[in-house]
Amino acid sequence: MRRFAKRIRQDELIKSGGIFLVGSLLVAILNYLYHIFMGRMLGPEEYGVLGSLFAIVYLVTFAGATFNKVISKFTAQLRGKGREAELKYLIINALHKISIFSSILFIIYLLFIPLIGKFMHLTNYTGLVIVGLIAFLSIISSIIIGALNGMQKFVWQNSLSLITTSLKLGVAILLVYLGFKSSGALVGIVIGILATLIIGFWPLKNELTSKYTTKIRTSRVYFYAIPVLIASVLPIIAITLDQVLVKHFFTSIEAGLYAAAGNIAKIIWFGSGFLVSAIFPKIVSRKAQGKDTSKLLIKSLIYTAFFVLVGVGILSATPRLIVLGMYGADYLNIVPIVGLFGLALGVFSINQILITYNLAMEKYGFLWIILSGLILQIIGIVLFHSVLSDIIKILLLSQILIMSGMLIHNRKEFSINGN
């Protein structure tokens, strides 16, 4: 028993994951305080509007994770090989080009706002404009976060997340209290991201201020970015498009109830997904050094599955207590569905480990598995959406199918029919 405890304490994954566990836990608490306050202060109908806008926020935020992972991968590789001059060029060049890229995307997005607003039955487009600004800033900040992750400056990375979330909560409460409704709730996110951009330059000051003497071939970076973009966007579409479709097919009040159920269920995802950021640079580093990576994958899946099972158990055992504590009596109709929703996002969390592993290993065949699952999910929701529980069952089924396909795809790592 002592030997096992010693091995756990010395486990490199546990040490790094512990930083993310603490950071993720604090960020999750602040995020849930944000949604608790917004749900109670706005009411189900206006919270339904915020929930549908948040679906787009999640989508663009995790699309920005593309650049996060790409920069993290190449930062980890260059730093591991002691190629500091190339590392500096990578970060500075990425910030310059991504700023231009995100500006173009923002302008294009603004042109499509009337169409998006019409589909989501929104009469006021202010929130959609703010969402575009959030996307613009998130993409740029992802370069900072990715560089910190690749350099394994995990304390700085998690500290920035805490600062961002704290400002989001405080500013949102103030502005909603002053009467700015869902738009005020979104402005809090803008302020938080701006703080990340400003403060995040400090731990990277050496890379950003000193001159670089060596350039790298950016074509490798762009080539890697394509599958990462697809792998980042497709899974998030799976857990955000459902909210958009609910806003389209159901009333605003029902959309608000679904958003509340989804945010409670995300406790499972946030609570079990803390290893995703920790394992990526470690797998990249081990692969570059020719070391075995399968044990790291298996341990990550075991730890994640454990937290998923514990979380789903708690959520299923005390749904009424959790709903009352977080959102109040106006949301009691969601009590029967929060446990099922939590299970769906728990499977999603396991899938994120598998996706992260394959991206780090540069194995891209899994993209077809995710795309197939997403297509089946969309078709299922469009055809079967009589009640909110139908949406959740379809989401759960699609995630289980994706997980099954991913496990088969990585069968060699588990020595299942492998060599």
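## How to read the model

Because this is a predicted model, local features need pLDDT of at least 70 and side-chain atom pairs count only at pLDDT 80 or more, while totals for chains, interfaces and linings use all residues. Residues are numbered from 1 along each chain as its sequence is written, and side-chain values use heavy atoms, with hydrogens and water left out.

## The overall picture

Let's start with the whole chain. The protein chain has 16 helices and 0 strands. Here helices (H or I, at least four residues) and strands (E, at least two) are DSSP runs, numbered from the N terminus.

Of the 419 residues in the protein chain, 54% are buried. Buried means under 20% relative accessible area, exposed means over 50%, and partly exposed is in between, using a 1.4 Å probe and protein chains only. Contacts, meaning heavy atoms within 4.5 Å, can also be sorted by distance along the sequence. Among those in the protein chain between residues at least 6 apart in sequence, 83% join residues at least 24 apart.

## Two helix pairs

Two packed helices are described by the angle between their axes and the distance between the axes. Axes are lines fitted to C-alpha atoms, for helices over the stretch in contact, and angles run from 0 to 180 degrees between N-to-C directions.

How do helix H15 (residues 367-383) and helix H16 (residues 388-409) cross, and within what distance do their axes come? The axes come within 9 Å and cross at roughly 165°. That makes H15 roughly antiparallel to H16 (angles under 35 degrees count as roughly parallel, over 145 as roughly antiparallel, 65 to 115 as roughly perpendicular and the rest as oblique). On the H15 side, the contact includes Ile369, Gly373 and Leu376, and on the H16 side Ile394, Ser398 and Gly405 are among the residues involved. The residues of this contact of H15 with H16 divide into 10 nonpolar, 7 polar and no charged. For this count, Ala, Val, Leu, Ile, Met, Phe, Trp, Tyr, Cys and Pro are nonpolar, Asp, Glu, Lys and Arg are charged, and the others, Gly among them, are polar.

Now compare helices H4 and H5, whose axes come within 8 Å and cross at roughly 150°. That makes H4 roughly antiparallel to H5. Ile145, Leu148 and Asn149 of H4 make the contact with Phe154, Trp156, Gln157 and Leu160 of H5. The residues of this contact of H4 with H5 divide into 5 nonpolar, 2 polar and no charged.

## Aromatic rings that pair up

A search of the whole structure finds 7 aromatic pairs. Rings of Phe, Tyr and Trp (its six-membered ring) pair if their centres lie within 6.5 Å; planes under 30 degrees apart count as stacked, over 60 as edge-to-face and the rest as tilted. One of the pairs is Tyr47 with Tyr327, a tilted pair at 5.7 Å centre to centre with 50° between the planes. Tyr47 lies in helix H2 (residues 12-80) and Tyr327 in the loop between helix H13 (319-326) and helix H14 (338-361), so the pair ties together parts that are 280 residues apart in sequence. Tyr47 counts as buried at 1% relative accessibility, and Tyr327 counts as buried at 2%.

Another tilted pair is formed by Phe106 and Phe136, with ring centres 6.0 Å apart and planes at 40°. Phe106 lies in helix H3 (residues 84-119) and Phe136 in helix H4 (residues 126-150), so this pair ties together parts that are 30 residues apart in sequence. There is also an aromatic cluster, made of Tyr47, Tyr327 and Tyr331.

Is Ser102 buried or exposed? Ser102, found in helix H3, counts as buried at 1% relative accessibility. Leaving aside its neighbours within four places in sequence, Ser102 is in contact with Phe136, Ile139 and Ile140. Val57 of helix H2 is buried too, with a relative accessible area of 5%. Leaving aside its neighbours within four places in sequence, Val57 is in contact with Val131, Ile134 and Leu186.

Gln157 lies in helix H5 (residues 154-177) and counts as buried at 5% relative accessibility. Lys181, in helix H6 (residues 181-200), is partly exposed, with a relative accessible area of 49%. Lys181 has a positive phi of about 55° although it is not a glycine.
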